[in-house]
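The sequence and structure come first.

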Amino acid sequence: MTRLAHARYCDEIAHQIGELRSVVTSGTDLSRTVPTTPDWSLEQLVRHLGGALRWVAVMVRTGAERETPEEEVPGFEGPEARGDAAALDAWLAESGDLVVTALREAGPDARVWSWAGIENAGFWARRMTHEVTVHRADATLAAGLPYEVAPEVAADAVEEWLEIVEWAQRTLPDDEVHGLRGPLRTIHLHATDTAPDGEAEWLIRLDEEGVSWSRGHEKATVALRGPLTWVLLAFYRRIPLDDSRIEVLGERAVLEHWLERATFG
C-alpha cells in the first residue's frame, strides 16, 4: 500500500478527534485510570493529546525550524478546571481544529522541523493521525466502549511504526531496538479480515543487521493473526497477546521480545 494523501490524514485527524470527544462526553469518570497507559487518568490522556495537537499546530503554522518549547504553545495545558467534561471537550475540539487547519493550509511539503529528520508538514499529518488513532483506543478501551478504525488507517499505522523503528535503529545508538539484533528470526503480521493481496500482511526480519521488513505473506518464526484493528492494537501493546480476538502461532517469545524492544507508541 502507499501512504494516505495529505487531505486524507487531515480528515482522519478530525474524525478521530470527534470520536475521542464522544468518549469524553460519554459520562465515563475522567479520573479513571487508563489501563494501557497506567500513569495517566482518562483526563490526563486527553490533556496530553490535546497539548500535542496544539504544539504541532504552532510548529506547522509558523514553519518552525527547531522544536517549539511547550511553554510557547497557547492553551497547551488545557482548561484550568479539572474533571469538567464540557470544558475538556471544548478544549479538545479547539485543539483538533487548530492542527487540522494548520496542516490543510500548509500543505504536505511546507518546511517544518521534526524529530525524525523528515522536515515537512506531511510528516506531522501522518504522525498525528496515528497519535490520535492509538490514544483514542487507549481512551475507548478504558471507557469500555467499542473501537474500530478504517483498514487503510490501521495498515498505515503499522507501517509508520515499522519505519520509526528503522529510523531509531539508524539514528539512536542507545535505543532499545538494538537489542533485537541476533540470529535470524521473523515475525508475520496477518490481518484476517482484508483482501488476500498482501496489503495487510507484513514480514519483519530480525537478524545481526537489525530490523527490516516487507509486505506479503510468508511463513515465519511467529505469526500474529486476527482482524486488522486488533493486530494493530496488539502490535502497539494496547491489548495482550492472549486476547481472544487475536492468535499467536509459533515462537511467542520472539514476538514478546519485539514488543519489549520496539517501544515507540
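How many salt bridges does the count come to? The count comes to 19 salt bridges, a salt bridge being a side-chain nitrogen of Lys or Arg within 4 Å of a carboxyl oxygen of Asp or Glu.

## Basis

This is a predicted model, in which local features need pLDDT of at least 70 and side-chain atom pairs count only at pLDDT 80 or more, while totals for chains, interfaces and linings use all residues. Residues are numbered from 1 along each chain as its sequence is written, and side-chain values use heavy atoms, with hydrogens and water left out.

## A salt-bridge network

R3 and E163 form a salt bridge, at 2.8 Å from N to O. R3 lies in the segment before α1 (6–24) and E163 in helix α5 (residues 151–171), so the bridge ties together parts that are 160 residues apart in sequence. Helices (H or I, at least four residues) and strands (E, at least two) are DSSP runs, numbered from the N terminus. E163 is partly exposed, at 23% relative accessibility; buried means under 20% relative accessible area, exposed over 50%, and partly exposed in between (1.4 Å probe, protein chains only).

In the salt bridge between R126 and D156, the closest N and O atoms are 3.0 Å apart. R126 is in helix α4 (residues 121–143) and D156 in helix α5, 30 residues apart. Both R126 and D156 are buried. Through salt bridges that share partners, R3, R126, D156 and E163 are joined into one network.

## The E94–R54 pair

E94 and R54 also form a salt bridge, with 2.5 Å between the closest N and O atoms. This pair links helix α3 (residues 85–106), which holds E94, to helix α2 (residues 42–62), which holds R54, across 40 residues. E94 is partly exposed, with a relative accessible area of 43%, whereas R54 is buried at 5%.

## Packing of α5 and α6

The axes of α5 and α6 are 9 Å apart and meet at an angle of about 25 degrees, where axes are lines fitted to C-alpha atoms over the stretch in contact and angles run from 0 to 180 degrees between N-to-C directions. α5 is therefore roughly parallel to α6, the cut-off for that term being under 35 degrees.

In α5, P151, A154, A155, A157, V158, W161 and L162 meet L228, L232 and F235 of α6, contact meaning heavy atoms within 4.5 Å.

## Backbone at R237

R237 is not a glycine, yet has a positive phi of about 65 degrees. R237 sits in the loop between α6 (228–235) and β5 (247–250) and is partly exposed, at 35% relative accessibility.

Methods: Angles under 35 degrees count as roughly parallel, over 145 as roughly antiparallel, 65 to 115 as roughly perpendicular and the rest as oblique.
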